[in-house]
Every structure is written in C-alpha cells, then in structure tokens.
Amino acid sequence: MIKADCIIVGAGLSGLAASITLQRAGVTSLIIEAEAVVGGRVKTIKTPQGFLTDVGFQVLLSSYPELENFVQLSALNLKKFNSGALVFDDQNLKLLANPLAHPEALFSSFYADLMTTKDRALVLKLILSSQFHRSDDPLGQKSTATFLKDFGFSENFIELFWRPFLTGIFLDSELEIGEQFFKFLMRCFSTGKVSVPENGMVELPLQMAKLIPQENFLLNQKVKSYGSDYVILATGEKINAKRLICAFDPENAQPNLAENNFRMVTTHYFTGENLNETGWGKWLVLVPRRLGMGIDHFCLISSVSEKYGNGTPLLSVSVVGQKNVSVSKAMQELNKIAKRDLKLELVVSHSVPKALPRISNTTTGFKEIDGVIFCGDRWSSPSINGALRSGRLAAEFILKDQ
Ligand SMILES: Cc1cc2nc3c(=O)[nH]c(=O)nc-3n(C[C@H](O)[C@H](O)[C@H](O)COP(=O)(O)OP(=O)(O)OC[C@H]3O[C@@H](n4cnc5c(N)ncnc54)[C@H](O)[C@@H]3O)c2cc1C
C-alpha cells in the first residue's frame with residue numbers, strides 16, 4: 001500500500017475528481033473503495049446475453065463544464081440521442097423535436113399541439129437567458145415547478161412536456177429543485193449533446209481512473225470509522241494520512257432513511273423482436289403522469305449505441321419513485337403505446353433506491369466537518385457535473401492549506 005498524503009474514501013466520480021486534482025498538484029492520495037470496481041453510482045452491468053445495462057437509466061451531457069477537467073470526450077466515443085422527445089398523449093406519440101438539430105422534423109414539431117405559440121417563444125427566451133449560467137451552484141431558492149409557472153408556460157405544456165421530461169432528470173415529479181440548477185441544465189442541453197458512451201456509462205469513471213496510478217486504489221475495502229487524519233477499515237486495520245476526504249454520502253449509512261433522503265428509480269431492460277419497427281429510434285419517449293400510467297420514460301438504447309444491444313434491440317424503461325409497477329403492467333403499457341404486441345422479454349431490472357440525494361437548495365460545493373472534508377453530489381448538485389465539481393472543490397480546499 002502506498003504512503004499517501006491524503007486518504008479519499010469512495011471511488012465514485014467525486015472521489016476520482018478529488019484524487020486527480022490533488023495528483024496534478026503533486027499531492028498523493030489513497031482511494032479506499034468498498035466495491036470491487038470504481039464508479040459508484042455510475043455503473044454498467046453486462047448481462048450473460050451480452051447486453052450492456054446501466055444501473056438506472058443515465059445520460060451524459062457533453063457540455064457539462066467539469067468534464068473538460070477530467071475526461072477526453074472523444075475517447076468515450078459518445079453516442080447521441082436525438083434532440084427532443086416523443087410524448088405520449090394517451091393515443092399517439094407526438095414529436096417535440098429541436099428544429100435546429102432536426103430541421104426535417106420542423107413540420108411535426110411546429111404544429112405539435114403540445115405547446116402554444118407563447119410556449120414556443122418562452123422556450124427560446126429560456127434558452128437564451130440560460131446561457132449565462134456557467135455553474136450549477138447555488139441551486140436557487142425558487143423551485144423549478146414554481147419557476148416554470150411564473151415564467152408563463154401553459155399548464156398543458158408543463159404537464160405534457162416539462163414535468164415528465166424533468167421527472168426523468170430530477171427523479172422528482174414535484175420538481176422541487178431550485179430554478180438555477182434547472183437553468184444550468186438548460187444551458188447544457190442547448191449547447192451540448194445528450195449522450196451515452198458507446199460501451200456504457202461506466203466508461204466515464206473507468207477513463208478517469210486510468211489517470212490515477214493503480215497502486216493508489218484500495219478496492220473491496222470498506223471504511224468502518226474515520227477521523228480527520230485516519231480511517232479504520234472493516235478488517236480493523238488503521239491507516240493514517242495528513243488529510244481525509246469522504247467522497248461518499250454519509251446519509252447512506254442510515255438505511256432506514258432512504259425514502260426521506262434519496263430519490264428512487266427502477267429501470268427495466270427489455271428485448272423484443274418488434275422493437276426496431278416502432279419508430280422510437282434515438283428519441284427519449286415521455287409518458288406524462290397525468291395519464292395515470294406506471295412507466296415514466298423509455299428509450300431504445302440499442303438504437304443510440306448498438307453495443308448496448310449486442311446486435312439485438314434493447315429497451316430501457318424507467319419508473320421514477322416508489323411506485324409499484326409490475327413488469328407485466330410495464331409491458332402492457334409499452335404494447336399500448338406501440339399499438340402492437342412487441343413480444344417483450346425482460347432482460348434485467350435494476351432498482352436504485354438511493355439514486356439521487358434529496359438536497360436543500362443551499363449547497364456549498366463541499367463541506368468540512370470536524371476536520372473531515374465531505375464531497376459528492378449531496379454537497380453540490382445531484383448530477384455528474386455536481387459530483388465532479390464537488391470533488392475538485394474539496395481537493396482545491398486542501399491544496400490551499402499546503
Ligand atoms: C439511476 C441514476 C440515474 C442518474 N442519472 C443521471 C443523469 O442522467 N445525468 C447526471 O448528470 N447524473 C445522473 N445521476 C447522478 C450521478 O450519477 C451522481 O450524482 C454521481 O455519480 C454521484 O457521484 P458521487 O461520487 O457523489 O457518489 P457515489 O457515486 O455514490 O460514490 C460514492 C462511493 O463511495 C463508496 N463508499 C461508500 N461508503 C463507503 C465506505 N464506508 N468505505 C469505502 N467506500 C465507500 C461507494 O461504494 C461509492 O463507490 C444518476 C444517478 C443514478 C443512480
């Protein structure tokens with residue numbers, strides 16, 4: 001084991017970002033991770049049939065500002081979703097495409113009866129005004145739900161587009177998160193691409209880990225307790241260092257609080273011989289909650305990146321929150337939307353009870369408590385950018401003291 005200046009507990013995105021930042025300043029860190037692999041909540045599992053399944057549907061916005069500090073996007077071989085969404089209205093799928101990215105869809109999106117002329121003008125105004133939001137911190141006191149209403153969007157457009165679209169991102173149908181974070185995301189959506197790495201989301205942390213020498217990782221080792229300059233492993237071994245960064249969520253250690261402290265999602269993966277005939281292609285498909293259905297959104301992920309399907313169609317279907325939606329109900333709903341029997345077969349279901357932290361809208365980027373530095377998305381924003389940013393800020397805080 002290396003003798004490190006700093007111990008980092010957790011090899012999720014925030015821990016990796018902290019380690020890389022310290023390393024660039026000549027400060028060595030030992031990263032202790034409970035699991036056998038790096039990545040934390042950014043995880044991809046390959047099934048025995050060869051399907052790539054992200055543990056919870058997850059996308060990368062190529063314009064997240066923190067990415068340029070830690071990854072070479074070209075090496076991730078990003079595969080892009082279409083820009084916009086298909087929205088189910090209980091009868092048909094309505095295309096709401098970004099006309100700049102898909103001029104061929106101008107007719108259908110322009111005449112989509114989801115939005116009024118005023119809604120269209122407001123989308124433009126929102127995109128223009130969001131260009132000034134360079135950071136996802138602070139999140140903003142006004143909730144996104146209140147902001148959308150006050151901004152003047154019609155109730156129909158909020159319920160048929162904004163709420164289902166943002167429920168998939170925030171994993172919260174109430175859209176409680178502050179409006180500044182929403183505007184920051186709008187800037188990222190409008191200036192970058194919604195994508196997945198060709199070989200699954202896990203490629204992101206794997207690429208970051210390659211920047212750190214292998215001997216700086218201690219995998220498969222759970223930290224049982226810690227102080228400002230030491231950790232004690234579950235094995236009883238004590239390791240000392242000058243500083244400690246906890247790059248995990250301390251609320252995770254309280255299993256009974258999951259419902260209060262985290263937002264949940266379940267993602268089912270299906271294959272089916274008729275899936276490629278649906279026309280869903282690379283679109284995200286939204287199912288508004290107003291319709292009273294179980295599923296929230298889905299996409300034919302094998303259309304976006306063929307590697308996910310390994311030559312076979314693979315559908316990723318998400319149910320947000322604690323809703324109890326059986327696999328057979330999800331299948332029935334998908335057949336209804338497709339207006340055909342898709343002959344679906346379940347590949348795997350991933351339930352993620354602690355997917356995103358429920359956070360206050362006054363985050364500080366990271367936090368020092370009794371000499372221990374905490375970082376991770378709980379202290380920043382519930383996103384890949386937030387986790388990377390938090391790890392970087394925690395490391396920079398330590399570097400100031402050197
Ligand atoms: C289903 C899902 C969908 C998401 N969708 C998106 C999306 O589309 N876009 C987006 O930007 N973000 C999304 N996110 C959020 C993003 O993935 C997270 O914000 C980010 O990965 C959090 O990183 P982290 O380092 O803060 O925490 P984590 O990834 O949780 O890392 C913490 C690490 O610490 C380790 N650990 C914990 N306790 C100990 C211990 N005692 N000893 C040793 N190790 C320990 C854990 O094993 C873990 O590896 C999604 C997240 C999920 C789960």
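## The shell around the ligand

Which helices and strands each supply at least two residues of the shell around the ligand? They are helix H1 (13-24), strand S19 (344-357) and helix H14 (384-401). Here helices (H or I, at least four residues) and strands (E, at least two) are DSSP runs, numbered from the N terminus. Strand S19 gives the most to this shell, with three residues.

## Basis of the report

The model is predicted: local features need pLDDT of at least 70, side-chain atom pairs count only at pLDDT 80 or more, and totals for chains, interfaces and linings use all residues. Residues are numbered from 1 along each chain as its sequence is written, and side-chain values use heavy atoms, with hydrogens and water left out.

## Contacts with the ligand

The ligand is surrounded by 33 residues, a residue being counted if one of its heavy atoms lies within 4 Å of the molecule. The closest are Ser14, Glu33, Gln58, Tyr64 and Asp377.

For Gln58, an N or O atom of the side chain is 2.6 Å from an oxygen atom of the ligand. For Asp377, the distance from a side-chain N or O atom to a ligand oxygen is 2.6 Å. A polar side-chain atom of Arg41 lies 2.8 Å from an oxygen atom of the ligand. Taken alone, the ligand exposes 1,000 Å², of which the protein buries 90%; these accessible areas come from the Shrake-Rupley method with a 1.4 Å probe.

## Helix H5

Helix H5 covers residues 117-130, and at 1.5 Å a residue its 14 residues should span 20 Å. This expected span is 1.5 Å times one less than the number of residues. The end C-alpha atoms are 20 Å apart, which agrees.

In H5, Asp119, Leu122, Leu126 and Ser130 are buried, that is, under 20% relative accessible area (1.4 Å probe, protein chains only). Seen down the axis of H5, the buried residues fall within an arc of 60°, so they line one face of the helix; the arc is taken from the directions from the helix axis to the C-beta atoms. Thr117, Leu124 and Leu128, on the other side of H5, are exposed, meaning over 50%. The cover of the buried residues includes helix H6 (144-151), helix H7 (155-170) and helix H8 (179-191).

## Residue Ile45

Ile45 belongs to strand S3 (residues 44-46). Its relative accessibility is 38%, so Ile45 counts as partly exposed, the class between 20% and 50%. Not counting residues up to four places away in sequence, Ile45 touches Phe51, Leu52, Thr53, Val55 and His350, where contact means heavy atoms within 4.5 Å.

Definitions and conventions. Polar contact = N/O pair within 3.5 Å; in protein donor to acceptor, adjacent residues only side chain to side chain.
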